[in-house]
Amino acid sequence: MLHLLKILYLGDLVGQPARECVLKNLHGIRKVHGIDVVIANAENVTAGAGLTREHAELLHSVGIDLITLGDHVWDRHGFERDIEDLEYVCRPANLPKECPGRNFITLIKNGTKIGICVVLGRQFMKIHASCPFEAMERILQDNRKNVNILLAEVHAEATSEKIGFG
Ligand SMILES: [Fe+2]
C-alpha cells in the first residue's frame with residue numbers, strides 16, 4: 001500500500017553558509033513539517049564550487065537522504081573517485097557513459113520506492129552534455145516499472161529548455 005510522502009527538495013546549496021544552515025535547521029524542519037525525504041542539490045556546497053566526500057557525508061549524516069549534482073559535478077579534484085562510494089549521490093545522466101558515479105538512484109520510504117535522476121541542459125552550460133531528452137527516455141524505459149515515484153531534476157540555464165522538458 002502506498003502512503004502520502006512529504007519530500008523537501010533543497011537547492012542549490014552553496015558554500016559554508018548553506019552547510020551551516022542545514023546543520024542548524026534541517027532536523028527541526030524535518031520534525032515540524034513531518035518531512036519524509038530530503039533531497040538536495042549540493043554541487044556547490046564546497047567553497048561554492050563542487051562537492052567533496054567529506055561534505056557529502058556531512059550532509060547525509062544530518063538528514064539529507066539524497067544528493068544531486070549538476071554541471072559542477074567534477075569541480076573538486078578526486079571526487080571522480082569518491083563518488084563511487086557515495087550511493088546516495090546522483091550525477092547527471094547525460095554525461096558520457098564512461099563517467100563514474102550513479103545516474104539514477106532509488107530510496108524506499110514508507111513502502112514507496114522513489115527514483116531520482118538529473119539531466120543537464122545544453123544552453124549556456126560549461127559542460128557539454130548529450131541530449132537530455134534522450135537520456136530521460138532511457139531512464140524512463142529502464143526504471144519506470146521499478147519505482148512508484150520518479151523525480152527528474154532538470155539542471156539547466158535556459159527557460160526554454162526547462163519548458164520544453166516539462
Ligand atoms: Fe549547476
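Me: Which exposed residues does the face of helix 2 turned away from its buried side carry?
Reply: This is a predicted model, in which local features need pLDDT of at least 70, side-chain atom pairs count only at pLDDT 80 or more, and totals for chains, interfaces and linings use all residues. Residues are numbered from 1 along each chain as its sequence is written. Helices (H or I, at least four residues) and strands (E, at least two) are DSSP runs, numbered from the N terminus. A residue is buried if 20 or more other C-beta atoms, placed from the backbone, lie within 10 Å of its own, exposed if 12 or fewer, and partly exposed in between; on the face of helix 2 turned away from its buried side, the exposed residues are Glu54 and Ser61.

Me: Which residues of helix 2 are buried, and why are they on the same side?
Reply: Within helix 2 (residues 53-61), the buried residues are His55, Ala56 and Leu59. They lie on the same side of helix 2 because the arc they cover around the axis is only 105°. That arc is taken from the directions from the helix axis to the C-beta atoms, and the residues asked for are His55, Ala56 and Leu59.

Me: Is Thr106 buried, exposed or partly exposed?
Reply: Thr106 belongs to strand 5 (residues 105-109). Beyond four places in sequence, Thr106 is in contact (C-beta atoms, placed from the backbone, within 7 Å) with Lys113, Ile114, Gly115 and Val147. Because Thr106 has 18 C-beta neighbours inside 10 Å, it counts as partly exposed.

Me: In strand 3, what is the bridge partner of Asn41?
Reply: Two strands pair if DSSP finds at least two bridges between them. The open sheet of 4 strands has the order 1-2-3-4, with parallel pairing, and 3 bridges join strand 2 to strand 3. The partner of Asn41 in strand 3 is Thr68.

Methods
Contact = placed C-beta atoms within 7 Å.
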